[in-house]
Amino acid sequence: MAEQRGDERRTADVRGSAADVRASAGEPHRGAARPEEARAWDDLVTTARRTVTDGLVVGTSGNVSVRVGDTVLVTPSGVPYDRLTPEDVTGVDLDGRQVLGTLVPTSELPMHLAVYRTTDALAVVHTHAVHATAVSTLVTELPPIHYMTAALGGPVRVAPYAPYGSDELAENMLRALAGRSGCLLRNHGTLTHAGTLAQAYDRTAQLEWMCRLWLTASSVPGLAPSLLSPEQLTEAGERLRGYGQRG
């Protein structure tokens with residue numbers, strides 16, 4: 001099954017990434033994972049399996065990555081997540097050259113590397129969540145139906161369609177991510193990033209929930225859902241920055 005911020009400089013940074021990945025995929029080698037990489041791999045596998053359990057992907061669709069120093073650990077292409085073991089650790093450098101493992105990295109590696117090259121993210125989650133993908137076919141931006149919109153930086157944009165695994169898709173994604181920590185990919189799915197896998201996953205789950213909420217509210221005949229104003233989103237963002245336990 002196919003697996004499935006934004007100025008000119010960022011766009012230029014990602015050009016050629018798919019070609020780099022293809023050129024480097026010919027001779028993968030097995031390196032020894034450092035302890036921190038082994039721990040990160042365990043977390044990555046757990047997160048990837050959770051995307052299936054929670055219904056955000058089907059089979060081997062979607063992909064997950066985490067950055068450890070200059071190494072990006074990423075789910076391999078076409079391997080069911082419940083079959084991944086510690087020995088299957090798969091990692092590349094920021095140029096896409098494989099430095100860990102022998103399994104071929106996900107075909108969406110260009111998108112993951114584009115995020116790491118242009119943001120301070122340490123984790124990326126890409127899914128084919130049903131409601132989010134449905135919304136991606138209807139609008140160019142998810143209407144601000146809930147205050148959690150602010151947690152993703154503002155109204156979530158939809159990146160124009162491009163073939164999976166392509167440089168064009170990575171470029172479209174970067175433009176949609178400008179000032180945001182998540183976006184929709186038209187006729188494809190979602191992508192979120194964060195400083196940890198847990199936070200990136202939470203953003204993915206929140207995005208899918210907001211898409212489901214908007215679709216549900218929009219389905220009532222003769223009525224349209226109320227939306228939040230920019231001022232309300234700004235206030236929500238300020239409150240969210242102080243949310244949770246301290247210390």
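Tutor: Gladly. Keep in mind that this is a predicted model. We start with the sheet.

Student: In what order do the eight strands of the open sheet run?

Tutor: The general idea comes before the case. Strands of a sheet pair through backbone hydrogen bonds, either parallel or antiparallel. Here the order is β4-β3-β2-β1-β5-β8-β7-β6, and the pairing is mixed. β4 (98–100) and β6 (158–159) are the edge strands. Each has a single partner strand, so one side of each lacks a neighbour in the sheet.

Student: Which way do β3 and β4 run, and how many bridges join them?

Tutor: They run antiparallel, and two bridges join them. β3 covers residues 91–93. V92 has Q98 of β4 as its bridge partner.

Student: What packs on the sheet next to these strands, and at what angle to β1?

Tutor: Helix α3, residues 35–53, packs there. It touches β1 (63–68), β2 (71–74), β4 and β5 (123–127). The direction of α3 makes about 160° with that of β1. Helix α4, residues 109–118, packs on the sheet too. Its contacts are β1, β2, β3, β5, β7 (182–185) and β8 (189–194). The direction of α4 makes about 35° with that of β1.

Student: How many residues of α4 are buried?

Tutor: Nine of its 10, so the helix is mostly covered. Buried means under 20% relative accessible area. The buried set is L109, P110, M111, H112, L113, A114, V115, Y116 and T118.

Student: How many residues of α6 are buried?

Tutor: Nine of the 11 residues in α6 (residues 167–177) are buried, so the helix is largely enclosed by the rest of the structure. After α6 comes G179, with a positive phi near 75°.

Student: Back to the sheet. Which residues of β8 point one way, and which the other?

Tutor: In a regular strand the side chains alternate between the two faces of the sheet. In β8, G189, L191 and H193 point one way. T190, T192 and A194 point the other way. Six of the six residues are buried, so β8 is largely enclosed by the rest of the structure.

Student: How many bridges link β8 to β5, and how many to β7?

Tutor: β5 and β8 share five bridges, in the antiparallel sense. β7 and β8 are joined by four, and also run antiparallel.

Student: What lies between β7 and β8?

Tutor: Three residues separate the strands of this hairpin. N187 takes a positive phi near 55° there.

Student: Where is S107 found?

Tutor: S107 is in the loop between β4 and α4. Its relative accessibility is 26%, so S107 counts as partly exposed. G78 is 29 residues away along the chain, yet the two C-alpha atoms are separated by 9.1 Å.

Student: Last, the largest pocket. What is its volume, and which residues are closest to its centre?

Tutor: The volume is about 280 Å³. Of 10 lining residues, M148, A151, Q199, D202 and L240 are the closest to the centre. Helix α7 (residues 197–218) gives the largest share of the lining, four residues. By class, the lining has six nonpolar, two polar and two charged residues.

Key
Residues are numbered from 1 along each chain as its sequence is written. This is a predicted model: local features need pLDDT of at least 70, side-chain atom pairs count only at pLDDT 80 or more; totals for chains, interfaces and linings use all residues. Side-chain values use heavy atoms; hydrogens and water are left out. On a 1 Å grid over the protein atoms alone, a cavity is a set of points where a 1.4 Å probe fits but cannot get out, and a pocket is an open set with protein on both sides within 12 Å along at least five of seven lines; lining residues have an atom within 4 Å of a point. Grid points are joined across faces, edges and corners, and a volume is the space filled by probe spheres set on the points. Ala, Val, Leu, Ile, Met, Phe, Trp, Tyr, Cys and Pro count as nonpolar, Asp, Glu, Lys and Arg as charged, and the others, Gly among them, as polar. Two strands pair if DSSP finds at least two bridges between them. Contact means heavy atoms within 4.5 Å. Axes are lines fitted to C-alpha atoms, for helices over the stretch in contact, and angles run from 0 to 180 degrees between N-to-C directions. Buried means under 20% relative accessible area, exposed over 50%, partly exposed in between (1.4 Å probe, protein chains only).
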